[in-house]
Amino acid sequence: MSGVLGDIPAASPGFDGAASRRLLARLRDVMAGSGSGQERLDKIVTLIGMEMGADVCSCYVMRAGEVLELFSTLGLNQDAVHNTRLRVGEGIVGDIAGHARPIALDNAPSHPSFAYRPETGEDPFLSLAGVPILRGGKVRGVLVIQHKDRRRYTEVEVETLQTIAMVVAELVAQGELVNPQEVASTGDPALLPARLSGTSLASGLAMGLAVIHRPQLTIRQMVAEDAESELERLNAAIATMHSAIDDLLNAAALAGLSEPKDILETYRMFAEDRGWLSRIREAIRVGLTAEAAVQQVQNDTRARMSHLTDPYIRERLLDLEDLTNRLLQHLAGRKSEADGSTLPDEIVLVARSLGPAELLDYDQRRLRGVILEEGSPSSHVCIVARALNIPVVQAPDALTRIEPLDPVIVDGDHGQAFVRPAEDIQMAFAEAVALRARKEQMYEAIRALPSVTRDGVPISIQLNCGLLIDLPHLKASGAEGIGLYRTEIPFMVRSTYPDVRAQTDLYSRILDQTDDKPVVFRTLDVGGDKMLPYIAASEGEENPALGWRAIRIGLDHPSLLRQQLRALLRASSGRPLSVMFPMIAEVAEFDAARRLLDLEIARLEGQGFEPPSRLRVGTMIEVPALLWQLPALLPRVDFLSVGSNDLTQYIFASDRGNPRTSGRYDPLAPAMLSLLRRLVEACGDAGVPVSICGEMAGRPLDAMALIGIGFRSLSMSPPSVGPVKTMLRSLDVAALRQYMGGLYQRGDHSLRDKLRTFAKDHGVII
């Protein structure tokens with residue numbers, strides 16, 4: 001406050017907490033009553049002035065061009081309504097909006113930001129208290145009271161104004177006061193139609209309403225009927241939240257994880273911050289519901305701190321927002337933002353990052369697309385999304401540009417997203433969807449035709465799967481079998497390790513639904529970005545992709561691997577079984593894994609179970625070291641399968657999860673193609689079948705190159721079958737092999753452009 005406060009009386013001495021609650025109760029009646037938004041705002045302004053004993057109460061609303069327009073007033077000239085306008089930063093009202101903070105002044109004309117507007121007739125008024133109207137951390141207007149004499153404004157009065165401002169914010173947000181079309185042109189980047197340019201992580205087109213993947217709740221009731229009961233609800237939710245954090249702490253301690261434990265202890269201390277909790281309790285005492293009080297404190301903090309650039313402070317703000325969201329969830333009794341029936345029927349999920357299990361939390365019947373701030377095409381969440389035919393785009397500023405329930409178009413084909421799309425964009429989207437539909441019809445027309453090139457070379461097309469819901473694609477796509485069944489995904493959505501009986505049932509159902517088509521089961525490939533909740537992560541791994549994962553976990557926990565192998569053998573009793581070990585780096589690791597399998601075979605026979613009718617054992621080629629051990633490896637295996645995603649990142653020392661490097665190197669570089677060609681030749685000489693099940697196999701141009709190298713078995717996600725099959729049926733392999741013979745020794749960064757030119761010149765449909 002400004003001025004000398006010595007003999008200046010407090011405003012409205014009788015306006016205490018009880019008076020505030022009475023005012024808010026009457027306000028609730030106004031909001032529940034009839035009338036337009038303008039009529040209800042006029043009633044609110046009049047009610048505030050009368051109950052708070054103010055000579056003036058005014059409400060300014062943000063209009064186009066960041067202009068604050070006087071929308072309603074009690075005490076100023078009525079002719080000034082909808083005629084008086086102030087820019088953000090202009091006058092005391094503009095200052096409140098510009099800094100998103102309350103102001104209480106005993107001598108407003110002496111304030112350096114004071115701007116006199118004669119048309120309002122505000123000459124005789126000295127004292128002023130104003131608060132920003134906030135929603136989602138953004139200023140939507142300003143609420144002001146004024147008095148003729150000099151006086152202090154109490155904290156109760158300012159907090160009451162802040163509470164009322166939250167209610168007015170709902171009128172603005174719902175289009176009750178300003179036409180939504182005009183709101184969309186206010187110059188606020190968060191409200192304008194926007195195009196987000198990013199990176200395609202999974203192809204496809206989708207449209208839906210944005211759902212932000214962080215615990216955010218829509219608060220239906222703002223004003224409380226009983227402050228004491230709301231305080232009790234808050235205290236209970238705080239206790240539950242603290243208990244949940246303690247459980248995390250205890251789990252970290254039992255697992256011997258020192259760094260996560262330290263972080264959680266700091267987090268726990270932050271959750272007990274008295275200043276934060278006291279501000280929430282004060283807001284409840286003023287008359288808010290517990291949820292609205294938590295949200296008000298979050299809005300105020302976010303608005304005051306959002307302009308700060310200090311990384312440490314911004315990280316603390318993120319901690320506070322996370323705690324706020326957790327507390328709101330506990331108040332609502334919710335466990336996950338993915339639960340419940342409040343989500344829209346068509347969802348575009350927006351998140352900073354996601355794991356595959358988090359993606360699967362959401363109803364797959366509703367989920368249309370995903371936008372991530374962090375991600376890469378070969379991350380496992382994107383692999384799962386592609387298996388589910390869900391387009392994914394990576395856009396660095398998605399969370400700051402997209403608000404909950406915004407209409408969003410996800411263009412996974414071109415790596416872009418349209419937020420609140422204009423009509424012309426929606427029409428273009430409809431045309432693109434129609435074009436894709438025509439392509440799908442073309443793919444459907446060749447579904448039953450053989451996968452044979454134009455010059456008669458047969459190519460086996462198989463699927464990558466990881467869920468039972470993938471299996472219907474086997475028949476629908478016309479694929480010959482499943483070249484990679486990722487067994488880890490069902491494990492990741494469970495809170496405990498499934499026992500042998502549960503695993504046996506799962507694998508039996510898979511084999512039952514594949515109609516005797518071949519299935520290659522990859523044993524658990526967890527670790528890195530796919531840790532199981534019931535297996536303690538390796539402590540302090542700076543690069544999990546090179547750390548404790550896949551077969552390394554299996555060999556360190558042989559009981560887990562043996563249980564899985566036992567279940568696979570039981571499920572395959574009397575029918576063929578193909579088992580593939582992931583992340584093998586040396587022949588000795590394969591031998592160790594094979595010995596565990598042999599132990600389970602002996603156990604099975606000893607218990608009288610019928611063994612598989614045919615057992616094939618192979619390994620993934622992902623770690624480059626194994627390529628220099630082929631003479632020792634090939635006699636031991638029945639087949640090999642190249643995991644091009646991991647192999648590429650290890651060959652180029654390029655983290656596939658880092659967007660800065662994930663696109664830096666091209667798998668169609670001469671080095672990669674030369675290495676793969678030598679592998680195919682070695683397998684051919686040894687009579688060992690080799691396939692490729694990485695992402696390369698599902699991209700038509702890349703698949704064309706792989707066929708030119710000599711691969712005759714490609715495994716891919718279901719949506720890729722049609723485009724790849726169309727490509728290979730238009731391909732002359734002999735001409736391609738002759739063309740590629742002169743490319744392997746080149747020093748180009750990539751051969752992609754040359755291969756694309758070949759396809760164009762030879763009528764190959766890519």
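Reader: In what order do the eight strands of the open sheet run?

Author: This is a predicted model, where local features need pLDDT of at least 70, side-chain atom pairs count only at pLDDT 80 or more, and totals for chains, interfaces and linings use all residues. Residues are numbered from 1 along each chain as its sequence is written, and side-chain values use heavy atoms, leaving out hydrogens and water. Strands (E, at least two residues) and helices (H or I, at least four) are DSSP runs numbered from the N terminus, and two strands pair if DSSP finds at least two bridges between them. The pairing here is mixed, and the order is E7-E14-E13-E9-E10-E11-E12-E8.

Reader: Which are the edge strands?

Author: Each edge strand pairs on one side only. They are E7 (194-197) and E8 (199-202).

Reader: Which residue in E12 is the bridge partner of Ala-202?

Author: E8 pairs with E12 (residues 392-394) in the antiparallel sense, over three bridges. The partner of Ala-202 in E12 is Val-392.

Reader: Is helix H3 mostly covered or mostly uncovered?

Author: H3 spans residues 91-99. Buried means under 20% relative accessible area, exposed over 50%, partly exposed in between (1.4 Å probe, protein chains only). Seven of the nine residues in H3 are buried, so by that definition H3 is mostly covered.

Reader: Why does His-330 count as partly exposed?

Author: His-330 sits in helix H10 (residues 311-332). The reason is its relative accessibility, which is 28%.

Reader: How far apart in space are His-330 and Ile-238, C-alpha to C-alpha?

Author: In sequence, they are 92 residues apart. In space, the C-alpha to C-alpha distance is 7.8 Å.
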